[in-house]
Amino acid sequence: MAEEKETLNQDLNEQTNKPEGTENEAPIEEVFAEAEEADASPENTDAELIAAKERIAELEGKLEEAENRIYRLQADFENSRRRARLDLEASEKYRAQSLISDLLPAVDNFERALQMEAENEQAKSILQGMEMVYRSVLEAIKKEGAEQIEAVGKEFDPHLHQAVMQVEDENFDSNIVVEEFQKGYKLKDRVIRPAMVKVNQ
């Protein structure tokens, strides 16, 4: 390009020394400006614009995808935190469930033994001692939040009662528990063992 410019300058100097009446050509700066304008054709400009728009659209798509991924990760993290908190609360709330479940068979045995008739003073003394232990166990599980499920005289509830027998008794309304075979227990709002009952049809 420098050589071309130097050649054009020499031609321009020669033209300036021509006799009067000879027209001079355009200055060198105008010549190069016209050449640059020729190189910047509309076809090249349109292609570059299209390529730039496509690149912008591609980057915007990647940005949106990254933002969506971040939102999903945040939602998963919050869900994990909530589940962990609920699990911890449930673990604390029902921590005694396993112990109470293990004690219920012993409570049942105490109840059956206490229904026996004492034939002598020694038997009465033994039954009194058993009753004291029985009440102590009931008090201990009660402190942990366990309580007996009411059954007799209540409307049958499949979530609280387990029907093992049905009868027709005019003294009770339909679907009412008339007898309890085994006590049911619940720990706070969770049923540990449903009451085993007889239900009126």
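**Exercise 1. Determine which secondary structure the chain adopts over the residues that UniProt annotates as "coiled-coil region".**

The annotation, taken from an unreviewed UniProt entry, covers residues 49–83; such annotations may be inferred rather than shown by experiment. In this predicted model, local features need pLDDT of at least 70, side-chain atom pairs count only at pLDDT 80 or more, and totals for chains, interfaces and linings use all residues. Residues are numbered from 1 along each chain as its sequence is written, and side-chain values use heavy atoms, with hydrogens and water left out. Over residues 49–83 the chain is 100% helix and 0% strand, with 51 Å between the end C-alpha atoms.

**Exercise 2. Find the aromatic pair and classify its geometry.**

A search of the whole structure finds one aromatic pair, where pairing requires ring centres within 6.5 Å, and planes under 30 degrees apart count as stacked, over 60 as edge-to-face and the rest as tilted. The rings of F110 and Y134 have centres 6.3 Å apart and planes at 50°, so the pair is tilted. Because F110 belongs to helix α4 (residues 97–114) and Y134 to helix α5 (residues 121–143), the pair ties together parts 24 residues apart in sequence; helices are DSSP runs of H or I, at least four residues, numbered from the N terminus.

**Exercise 3. Decide whether F110 and Y134 are buried or exposed.**

Buried means under 20% relative accessible area, exposed over 50%, and partly exposed in between (1.4 Å probe, protein chains only). F110 has a relative accessible area of 19% and is therefore buried, and Y134, with 10%, is buried.

Notes: Rings of Phe, Tyr and Trp (its six-membered ring) pair if their centres lie within 6.5 Å; planes under 30 degrees apart count as stacked, over 60 as edge-to-face and the rest as tilted. Helices (H or I, at least four residues) and strands (E, at least two) are DSSP runs, numbered from the N terminus.
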